[in-house]
Amino acid sequence: MQTPVELKNALPEHRPAPKIKLSRGILNVLLSIYGFVTLYPLVWLFLSAFKSNPEFYEFPFGLPKEWHLENFADAWNVARMGVSFKNSFIVTIAALILTLVFGAMAAFVLSRFKFRGKAAAMGLFLLGMLIPIHSTLVPLFIMMKKIHLLDTYGALIFPYTAFELSLAIFVTIAYMSSIPKEMEEAALIDGTGYWGFFFRVMLPLSAPALATVGILAFLRFWNDFAFALVFISKPALQTLPLSLSMFATGYMTDYRLTFAALSLAVIPTIVVYLLFQEQVMKGMVAGAVKG
Amino acid sequence: MKKLLLLTLMFVFTVSLIGCSSGNNKTANSEKTPAASNGNSAKKNEEKVKLSLWHNFTGNDLRATMMRDQIDKFQKDHPNIELDIQAIPPDGYKTRLKTVAAANEMPDVFMMWPGAMTKEFHDGGLIQPINALLDSKPEWRDGYLPGSFDSFTIDGNIYSATLGLTPTSILFYNKAILNQYNLEVPKTWDELLNAVKVIKEGGLTPIALGNKAAWLAQSSIISSLADRVTGTEWFLKAAAQDGAKFTDPEFVEALTYLQDLWKAGAFQEGFNSIDNTQMEVMFAQGQAAMMINGGWALSNLAANATPEQLKDMGATVLPSIPGGKGNPNSLSGALGSAFGLSSKVEGNRLQAAYDLIYALSGPEVQKMTLDSSNLVSYKAELDESKVSSIFSEVYKLVNSVERTPVYDGVMTSAGSDAVNNGLQELLMGGDPQKIAQKIQDAQATSLQ
Amino acid sequence: MTAKARIRGVIIVGLLPALFIFCFFVIVPIIWSAWYGFYDWKGIGAMKFIGFGNYAEIIQDPVFATSLRNNLIVVAASVFGQVPIALALALVLRQSTLYQRIIRSVVFLPMVLSSVVIGIIWGYIYHPQIGILNSLLDWIGLGTWKQAWLSNPNISMYMLAIPIIWNFIGPYMIMYIAALQNIPSEIEDASAIDGAKPMRMLFSIRLPMIWDTIKVTVVLCISGSLKTFDLIYVMTGGGPAHSTELLASYMYNNTFSIYRFGYGSAISTSIIIISMVLIAGSQLLMRRNTR
């Protein structure tokens, strides 16, 4: 798996003058500092999750004096995180699949064909990236009430998908349009047809772009508060972000429980990120092999 | 097929029910007395009554858990009432409520706030009065302290019965620090300025302030300070834009007093980017000698400060202002949130809703709220063993002084917003006259 | 003829699902919200049609002007901060050594953290009394530079731009890496063998090859910046005295806090229009650059 990667990367660095090595060294030091500073908030979050409230205020940066493991159990129970984890998984994954499938199909068409109305379609999809979502709350609420979609998983899945489609389409188009035209002609001569070409060639080749879209979409769906707040009312359907904000009263935040809950909720996002990131890098392997 | 039939039947049944109840309602509108519906309680027991309830008691603090227990208890005691309960995080509660209000889809019973929100909901025809309920439980109604229904009352109708009382402008002080500098608790404005000077020279912050959320200086400082200068009557007139304006010299003078306090170096650096919890911690840890804060601080302090820190704390009212028109022995205070009732609730659901509201705001709950370190606007005896010494002290203080209005409890939302931002500007050196003008404009425009 | 019909079929099948769900859940609410913008409406009760009245007020509203100015700072910080930094990081972090993988993951980390956590951490960095930045200045002997970073209206907006840049570098870096992987290895190899210097390679091969992606990220930067809301809301709440107010937070405040739903909707529509103008401008500029 790794061989083609290393082969390819080795090439530009084949002439490592000592000067380059030195600057690479300085670069690595800078990167490490940047990395450490950026990693710190996550470490801080996990450490704070083990503290008591007075301790959090008195020593915001120290290690916990006592490791309050019960914070996690309390947060889990009070915020009913078991239920909301399940719901968040269902909603996020369903919306993710819809976004990727519909987004990729639309991007394929928009990047490979010239047709009347193409510019209009692109302009329309652009609009989706511009509207601040809070101003769509009331219209969406009224619409979904009328079609009896409120208070179902669909009330989140469809709006999530719709609002993420713009980004999915634009990022994927940018990527697909750099795939050479000749490949398409070759595939058509082979008799695979357009959809065969899409599934067998375009999709695998676009994996890095789709993985990128996937990461961002996952994060957005997993963390969305506004839609989850307004479109779902059955406690049994509540998603995670609602659970996470249950410990703030407006006058005070119970940081002990908030951070414990946040720590639990952040773990899946890290896992998903690491998995998808591998996909971004794998695209390179596929590219090297096909070449 | 069977399902379809069943559904059709249910539909017909529901439609006829709605038809009936709305028919009934027209005749009983003016006298929706509980007695009337008690009469057919035998009938009522046969069918389940459905009610939706929205609240924001989601946290793990004493009060929130207590309220959730009460709701559970109500469900057990009333098997014929089916509650659709939604516990909504406080951060998003108002957004959620305003969205459904815009769509005219209010829940049946829900937490709402006095003042601006009650007025807007009333104007939009979304809520109905609960006078009938209060009149049916006179011992409960009469247990409330004077003025407890004020900002829930419109045209003589009461729309809600408050769950709590929030005094907003308590002057907390650290006894140890005042002793250390040989200072008395400041009773007059000059004493306060002198204390500020002495403590500042000693290298400590005189008054901790956390005004990031902007409403703090408005709710905690100006509500009381301005009342000292202008008197309550002037403020009520100005808020109604009836015979007084926020550009009047007395209000500008009040703003100037606050600005002078800031100029004297009373507050720590950067208070406009610090939130109220950080200010409370600063005070609790002895980094500041005083803090001007509301009743909410009590439960926060109980959760975040050590018992030793709590013992050093004392509480009093803001000092008097020379020549001021207001009563210096007063505290600004606001009624807490309460359960509102949707205007769409009628028929036997109305009685169920009354029962629910009573169960969640009645004398017992008031007492339990007090015991969980939250003040109430209700005659309830405090069990001092259950609360901190500073809480008992504030409890006694509140019961011994007059209560004056809080600015954002009386003004329109846009007007209060202008005061909030205006005070931040004032405490960065803004011109009191111009700020007063902005407040006046915002309040006048939003009243039209 | 049949080929044409087939292509038309592909276009319809490919676009329809995305277009349908997008129009229903995004376009309709946008139009609906724009329609509210023509009314004087509190969000409750009677609505009064006032034509362009709200827009006339927006033009004269000093707070709107401040918000717009602040927002342009954020846009500039994003376009000229995030894009180059993300691109540089992508170029040095696109290999798969363990070290690079770790740093790459870490760069992305702020994205997975909730804005509450980010806000608190940066609040402590900028804290006027116990802040890390002030302590650091003391330590290196620049004590006189100490500031209340977030409550000084002359600098607070710039100070806020830093966490915003830092927070959102990750996704752009990933997009650039994905695009860089897509450059056929033969092209890079060939130019390496030709002895092209790294800088030359960057400007004559890599940048042009990923230009489409860069254009898309600029669009994302602009639209994202104009919708920025969470982080500011947590860190300053738009204050003090509106000095860090942004368009989206001002819109939210009007819509959901002070009963000016119609005005808030008009602000929302203005955000869309301003975004479109900025995006059109940026794309025009970038088109010239390629020639």
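Let's start where chains A and C meet: 93 residues of chain A are in contact with 84 residues of chain C, with contact meaning heavy atoms within 4.5 Å. This is a predicted model, where local features need pLDDT of at least 70, side-chain atom pairs count only at pLDDT 80 or more, and totals for chains, interfaces and linings use all residues. As for bookkeeping, residues are numbered from 1 along each chain as its sequence is written, chains are lettered from A and ligands numbered from 1 in the order in which they are written, and side-chain values use heavy atoms, with hydrogens and water left out.

## Chain A against chain C

The size of an interface is often given as the accessible area lost when the parts come together. Here chains A and C bury about 8300 Å² between them, and 77% of that is on carbon and sulfur atoms. (Buried area is the accessible area, taken with a 1.4 Å probe, that two parts lose on being put together, summed over both.) Leu130(A), His134(A) and Met143(A) supply 8% of the area that chain A buries against chain C, more than any other three residues.

What about charge? The count between chain A and chain C is one salt bridge, that is, a side-chain nitrogen of Lys or Arg within 4 Å of a carboxyl oxygen of Asp or Glu. Its partners are Glu278(A) and Arg101(C). On the side of chain A that touches chain C you'll find 68 nonpolar, 20 polar and five charged residues. In this sorting, Ala, Val, Leu, Ile, Met, Phe, Trp, Tyr, Cys and Pro count as nonpolar, Asp, Glu, Lys and Arg as charged, and the others, Gly among them, as polar.

## Chain A against chain B

Now for the other partner of chain A. This contact takes 29 residues from chain A and 28 residues from chain B, and the buried area is about 2600 Å², with carbon and sulfur atoms giving 65%. The rule finds one salt bridge across this interface, made by the side chains of Glu105(B) and Lys145(A). Which elements of chain A give two or more residues to this side? They are α3 (53-58), α7 (137-146), α12 (226-231) and α14 (255-290) of chain A; such helices are DSSP runs (H or I, at least four residues), strands are E runs of at least two, and both are numbered from the N terminus. α7(A) gives the most, with five residues. By class, this side of chain A has 19 nonpolar, six polar and four charged residues.

## Salt bridges, side by side

Side chains of opposite charge can pair when their charged atoms come close. The structure holds 16 salt bridges over all chains, including these:

| Glu278(A) | Arg101(C) | 3.4 Å |

Asp108(B) lies in the loop between α5 (90-102) and β3 (109-112) of chain B and Arg349(B) in helix α17 (residues 348-361) of chain B, so the pair ties together parts that are 241 residues apart in sequence.

## Where α5(B) meets chain C

The axes of α5(B) and helix α12 (residues 247-257) of chain C come within 9 Å and cross at roughly 65°. (Axes are lines fitted to C-alpha atoms, for helices over the stretch in contact, and angles run from 0 to 180 degrees between N-to-C directions.) Thr95(B), Lys98(B) and Thr99(B) make the contact from α5(B), with Tyr252(C), Phe256(C) and Ser257(C) from α12(C).

## A sheet in chain B

Chain B has an open sheet of four strands in the order β8-β9-β7-β10, with mixed pairing; two strands pair if DSSP finds at least two bridges between them. At the edges are β8 (205-208) and β10 (313-316) of chain B, each pairing on one side only. The twist averages 25° from one strand to the next. Strands β8(B) and β9(B) (residues 288-293) run parallel and are joined by three bridges, and Ala208(B) stands opposite Met291(B). Helix α14 (residues 276-284) of chain B packs on this sheet, and its direction makes about 145° with that of β9(B).
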